[in-house]
Amino acid sequence: MLESFSVSVLVGTVLGVLSGLGTGGGSLLILWLTLMLGMDQETVRSINLMFFIPSALAACLFRWKQGRLDIKKVLPAIIAGSIASGLFTFLSRDMDTTMLRKLFGGLLILTGLRELLYRPKKR
């Protein structure tokens, strides 16, 4: 049932909405694929990237058209992030991912706690 086409479309839609809002739907996709569908980490990372690329591109294009994205300001981060991503993808092909999974899990927990407990300062 969880692997059916309709459930996949529903989960993809919800996570796409969250990605469009800038809340990181990809992190939730990783949790869905590993915990609910029992997929292995290698497959999940690949699926997450394939989900992220079009979602992020669509969100960026809409934000740019709305005037909320200044390409000149983010271009250095885009270039540096692309280079680092490619380099570490190449270097990590033989790496044991046990520690990375634990660190990422800890990061998700800390991020979740921050979201639950954070109160913006009033101006």
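Guide: Buried means under 20% relative accessible area, exposed means over 50%, and partly exposed is in between (1.4 Å probe, protein chains only). By that scale, 15% of the 123 residues of the protein chain count as buried. The model is predicted: local features need pLDDT of at least 70, side-chain atom pairs count only at pLDDT 80 or more, and totals for chains, interfaces and linings use all residues. Residues are numbered from 1 along each chain as its sequence is written, and side-chain values use heavy atoms, leaving out hydrogens and water.

The protein chain has five helices and zero strands, where helices (H or I, at least four residues) and strands (E, at least two) are DSSP runs numbered from the N terminus.

Now the part in question. A salt bridge is a side-chain nitrogen of Lys or Arg within 4 Å of a carboxyl oxygen of Asp or Glu. The structure holds two salt bridges. One joins the side chains of R45 and E42, at 2.1 Å from N to O. Both R45 and E42 belong to helix α3, which covers residues 41-65. They sit three residues apart there, about one turn of the helix. R45 counts as partly exposed, because its relative accessibility is 32%.

The other salt bridge pairs R114 with E115, and their closest N and O atoms are 3.5 Å apart. With a relative accessible area of 46%, R114 is partly exposed, whereas E115, at 56% relative accessibility, counts as exposed.
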